[in-house]
Amino acid sequence: MSGTVDYEVRGNIAVITLRNPGKLNVLSPEMITGLEAAWHRLEHADEQAAVLTAEGDRAFCAGIDLDAVSLDMWRCVPGLNVEVQKPVVAAVAGHCIGAGWVLVQYCDLIVATDDARFSYPEGKVGAFGGLASGIVTRVPHKIAAEFLMLGNPIAAARAHDVGMINAVVGTGEHIALAEEWAKKLADSAPLVVRAAKDLIDEHVGQGRVEQHVRTGRALGRISSSSDMQEGIAAFREKRPPVFRGR
């Protein structure tokens with residue numbers, strides 16, 4: 001992984017931890033790269049489910065690192081840049097802000113401590129990547145508008161009441177419950193769990209920004225492939241191309 005992201009195997013689950021509590025676990029370029037690598041590892045590992053959490057109790061993630069703004073935040077979101085077919089449970093304590101919320105929004109289940117706070121203050125910062133708009137397919141319209149447009153923090157209890165998260169627990173209990181749920185998922189029939197995940201994601205639907213990201217990802221893989229280079233070279237050399245699917 002990287003110095004700011006840990007991947008720990010615990011039986012048949014993985015625990016992926018953001019480790020930069022001194023900077024409130026902000027998404028730096030290094031952390032984005034580390035998370036991207038973690039999702040790739042999960043997809044090809046024996047682990048059947050994962051917990052995504054963070055070190056420290058002040059913040060799960062305080063958003064993008066404004067000292068090193070990266071437009072590639074989408075690369076670390078599970079299911080966008082990397083197809084994550086295995087279920088992921090987010091365990092959140094403290095503040096979950098901006099891009100941090102985007103990260104957990106794309107997890108399958110969310111457990112939070114009773115002091116957790118969710119906010120999307122991008123209107124006050126003047127930056128907006130658009131992925132957070134996917135919340136409108138997950139919670140009532142007026143809640144989504146309040147969250148994205150006003151930027152007011154939403155406490156864990158209310159977030160649970162409006163369907164933004166799945167469970168609220170006492171301080172320090174979030175990782176244990178998330179691991180319990182991940183273990184239950186990992187012990188279940190993988191084909192059934194993955195089919196349920198796929199069908200849920202399909203019915204939730206995709207916003208325009210998410211569609212744009214997925215399309216760009218697919219086209220980017222083609223434009224950076226050796227097959228494209230081979231096709232161009234073969235055309236210039238007037239010979240049949242030899243494609244290898246990569």
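In the predicted model, helix 1 spans residues 29-44 and comprises 16 residues. The distance from its first C-alpha to its last is 23 Å, close to the 22 Å expected at 1.5 Å a residue. Buried positions along helix 1 are Met 31, Ile 32, Gly 34, Leu 35, Glu 36, Ala 38, Trp 39, Leu 42 and Glu 43. The cover over these buried residues includes strand 1 (5-10), strand 2 (13-18), strand 3 (49-54) and strand 5 (88-92). Helix 2 (99-105) is also among the elements that cover the buried residues of helix 1.

A nonpolar patch on the surface is formed by Ile 222, Met 228 and Ile 232, which together present about 260 Å² of accessible area. Of these residues, Met 228 is located in helix 9 (residues 226-237). Met 228 has a relative accessible area of 38% and is therefore classed as partly exposed.

The cysteines were examined next. A disulfide is a covalent bond between the sulfur atoms of two cysteines. Zero disulfides were found in a search of the whole structure. For Cys 61, the closest cysteine sulfur belongs to Cys 96 and lies 6.8 Å away, so the separation is too far for a bond; the cut-off for a disulfide is a pair of cysteine sulfur atoms within 2.5 Å. Cys 76 likewise takes part in no disulfide, the nearest cysteine sulfur being that of Cys 61 at 8.1 Å. Cys 61 has 0% relative accessibility and therefore counts as buried. Cys 76 is also buried, with a relative accessibility of 0%.

Terms used:
Residues are numbered from 1 along each chain as its sequence is written. This is a predicted model: local features need pLDDT of at least 70, side-chain atom pairs count only at pLDDT 80 or more; totals for chains, interfaces and linings use all residues. Side-chain values use heavy atoms; hydrogens and water are left out. Helices (H or I, at least four residues) and strands (E, at least two) are DSSP runs, numbered from the N terminus. The expected span of a helix is 1.5 Å times one less than its number of residues. Buried means under 20% relative accessible area, exposed over 50%, partly exposed in between (1.4 Å probe, protein chains only). Contact means heavy atoms within 4.5 Å. Patches are made of residues with over 30% relative accessible area and no salt bridge: like charges are joined within 9 Å, nonpolar side chains (Val, Leu, Ile, Met, Phe, Trp, Tyr) within 5 Å. Accessible areas come from the Shrake-Rupley method with a 1.4 Å probe; for residues, only the protein chains shown count as cover. A salt bridge is a side-chain nitrogen of Lys or Arg within 4 Å of a carboxyl oxygen of Asp or Glu.
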